[in-house]
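Below are some notes for a colleague who has not seen this structure before.

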Amino acid sequence: MYRPRAFVEDDVAVLRDFICKRAFATVAVEIEGRIHFAYTPVVLDGDGFGRVRFHLAKANPVCAAADGATLNFSFLGDDAYVSPDWYDTPGRVPTWNYTAVEASGTARKLARDELRQLLVDISADQEMRLLPKEPWRIEKLDPAKLEGLLEAIDGFEVVLDSLEGKFKLSQNVGEADKNGAIAGLEGRTDARSLAIARAMKLTR
């Protein structure tokens, strides 16, 4: 991705935390000269950049092409429009603040038992975020229904060989302008604007 110096984020711990919290990816792969996209929940584990595990419907063309292919992942965080009227400095132009992480690596198709474990791990990760609700577990599924599900999907593991982030949060403007943008975003009621305002405060 295009990353002007002010917006570069390469702290692996920060990037891994971003992926774990987002836990949903756009996956891109080239098929016969064209880029195809898929969308999927992911689990990130392993050391270093880590490994991403995910599943796709077998009917998805990306699924058929994934095994052994180089896959690219995009994880988009929050985003918000920034009005130049919020700046202290006159003459500035509108912009958009956002956070994003990209990664890539070669995919390996999971064996049947690994695919089942992936489903367990995805649901366990998300159910933990719903506590104190009693977590849903895969054992609640009728065995025949689970077998049908496992027949309809394929799982993949990608050991990441690249991982980079872009956190565009007004690092390229002065403190007064940044404070004005934060105040403007906080004056809005949508969750994305408020999230970007919070992220901007952390870049001080």
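1. Contact here means heavy atoms within 4.5 Å. The model is a predicted one. Leaving aside residues up to four places away in sequence, Val101 touches Met1, Leu15, Phe18, Ile19, Phe73, Ser74, Phe75, Leu163, Glu164, Gly165 and Phe167.

2. Val101 is also one of the residues with the most contacts inside the largest nonpolar core, together with Phe54, Leu71, Phe73, Phe75 and Leu160. That core has 39 residues. In soluble globular proteins, nonpolar side chains tend to be buried together.

3. How do helices H3 and H4 pack, and at what angle? H3 covers residues 112-128 and H4 covers residues 143-152; the angle is about 110°, and the axes lie 11 Å apart. Angles of 65 to 115 degrees count as roughly perpendicular, so H3 is roughly perpendicular to H4.

4. On the H3 side, the contact is made by Arg112, Leu115, Arg116 and Leu119. H4 contributes Leu146, Glu147, Leu149, Leu150 and Glu151. Of the residues in this contact, five are nonpolar and four charged, with no polar ones.

5. Is Cys63 buried or exposed? Cys63 has a relative accessible area of 5%, so it is buried. Cys20 is at 33% relative accessibility and therefore counts as partly exposed. With a cut-off of 2.5 Å between cysteine sulfur atoms, the count of disulfides is zero.

How values were computed. Residues numbered from 1 in each chain as written. Predicted model: local features only at pLDDT ≥ 70, side-chain atom pairs only at ≥ 80, totals over all residues. Heavy atoms only, no water. Axes fitted to C-alpha atoms, helices over the stretch in contact; angles between N-to-C directions. Helix = DSSP H or I, 4+ residues; strand = E, 2+ residues; numbered from the N terminus. Parallel < 35°, antiparallel > 145°, perpendicular 65-115°, else oblique. Nonpolar A, V, L, I, M, F, W, Y, C, P; charged D, E, K, R; others polar. Core = buried A, V, L, I, M, F, W, Y, C linked by side-chain atoms within 4.5 Å. Buried < 20%, exposed > 50% of the residue type's maximum accessible area, 1.4 Å probe, protein only.
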